[in-house]
Amino acid sequence: MLKQRTIKQLVKTTGVGLHSGTKVELTLRPAAIDAGILFRRVDFDPPVLLPASALGVGDTRMASTLQQDGAKVSTVEHLMSACAGLGIDNLCIDLTAEEIPIMDGSASSFVFLLQQAGLQEQDAPKKFIRVKKPVEVREGSGAQEKWARLDPYNGFRLKFFIEFNHPAVDRTGQIAEVDFNVESYVREVARARTFGFMQDVETLRGLGLARGGSLENAIVMDEYRILNPDGLRYENEFVRHKILDAIGDLYLVGHPLLASYTAHKSGHGLNNQLLRALLAQPDSYELVSFPKLADAPPAYAGQVGAEWALN
């Protein structure tokens, strides 16, 4: 049986929020079967629980932000992406401020943290959302058009197109495709960092964003070039980070997807709209499990001895 997973033991880290610049302590704890991914603001009295949920997302400016009962948890997408990549179904995440720490700007620090905590199976079948018919959302028109789409697929595949009209980005690949039937989340996606432009920094900070950004946790560019002395981690790191984000945004649906995701210039807002459109059409998906591992899609069955190997 393809089983649910959590972590073996509590693990902690500290960091700063990319947008708030606020120091935060993050604690990951094992969670019970069918609990899902649960965020908990322990700086509230009593603590406020915010389940990872597509319908709980209240703000998508530059990040995915959960909101409930006067509390919020922002920039959840990188940690959610790591949970998806390692097959974590149930996890309790305590934090002492409103934003998940940015760490190095990718998901690799969270992958390391989860692996340090150890992965363990739980005695219950893992649940998947199988997309049964195409669902698509679009915004804008002409050169400003953006769209995102889910199609039926026996596995999990993502294809992303970006378009920034910037020399540093244009020199790298602006299209990337990752199919987890054959590719590794940890090797091919997890290390891709978030990125930004110097000319946007003052505007963003005026909006209360990017206050914790630096060359230590983002790829930063001026009008012509990348300012990070070590350059890129992947040849097409920009578009790979958009895939990393999309994996985290899509995992807010509550279960891993059996689907093919394709997007053109999408972001957190459009990704959330796509999930809401899916959930609004009950005939477009079904909840499935695989009592026999042999019946599971290769993208997930193969992970049991690879990315999801117990430690």
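This report describes the fold, the nonpolar core and selected residues of a predicted protein model.

## Overall architecture

The protein chain contains eight helices and 19 strands. Its radius of gyration is 18 Å, close to the 19 Å that the globule rule gives for 311 residues, so the chain is as compact as a globular protein of that length. The C-alpha trace spans about 55 × 45 × 35 Å along its principal axes.

Of the 311 residues in the protein chain, 54% are buried. When contacts between residues at least 6 apart in sequence are considered, 75% of them join residues at least 24 apart.

## Surface and charge

The protein chain has an accessible surface of about 13000 Å², and carbon and sulfur atoms account for 49% of this surface.

## The largest nonpolar core

The largest nonpolar core comprises 84 residues. The members that touch the most other members are Leu 28, Ile 37, Phe 39, Tyr 185, Leu 257 and Tyr 261. Helix 6 (residues 237–251) supplies the largest share of this core, namely eight residues.

Setting aside neighbours within four places in sequence, Tyr 261 is in contact with Ala 148, Arg 149, Leu 150, Arg 157, Leu 158, Lys 159, Phe 160, Ala 246, Leu 250, Ser 266, Asn 271 and Leu 274. Two of these partners, Ala 246 and Leu 250, fall within the residue range of helix 6.

## The loop between strand 18 and helix 7

Ser 266 is located in the loop that separates strand 18 (257–264) from helix 7 (268–279). Ser 266 has a relative accessible area of 2% and is therefore buried. Apart from neighbours within four places in sequence, its contacts are Trp 147, Ala 148, Phe 160, Lys 242, Tyr 261 and Asn 271.

The phi angle of Lys 265 is near 60°, a positive value in a residue other than glycine.

## Further backbone features

Most residues other than glycine have a negative phi, and most peptide bonds are trans. Thr 75 has a positive phi of about 55° although it is not a glycine. Thr 75 is placed in the loop between strand 8 (71–73) and helix 1 (77–85), and at 4% relative accessibility it counts as buried.

A cis peptide bond, with omega about 0°, joins Asp 45 and Pro 46. Pro 46 belongs to the loop between strand 4 (37–41) and strand 5.

## Leu 49 in strand 5

Leu 49 is part of strand 5 (residues 48–51). With a relative accessible area of 39%, Leu 49 is partly exposed. Not counting residues up to four places away in sequence, Leu 49 touches Leu 38, Phe 39, Arg 40 and Gln 68. One of these partners, Phe 39, is among the core residues that touch the most other members.

Leu 49 and Ala 190 are 141 residues apart in sequence, and their C-alpha atoms are 27 Å apart in space.

Technical notes. Residues numbered from 1 in each chain as written. Predicted model: local features only at pLDDT ≥ 70, side-chain atom pairs only at ≥ 80, totals over all residues. Heavy atoms only, no water. Helix = DSSP H or I, 4+ residues; strand = E, 2+ residues; numbered from the N terminus. Rg over C-alpha atoms; globule rule 2.2 N^0.38 Å. Buried < 20%, exposed > 50% of the residue type's maximum accessible area, 1.4 Å probe, protein only. Contact = heavy atoms within 4.5 Å. Areas by Shrake-Rupley, 256 points an atom, 1.4 Å probe, with all protein chains shown as cover. Core = buried A, V, L, I, M, F, W, Y, C linked by side-chain atoms within 4.5 Å.
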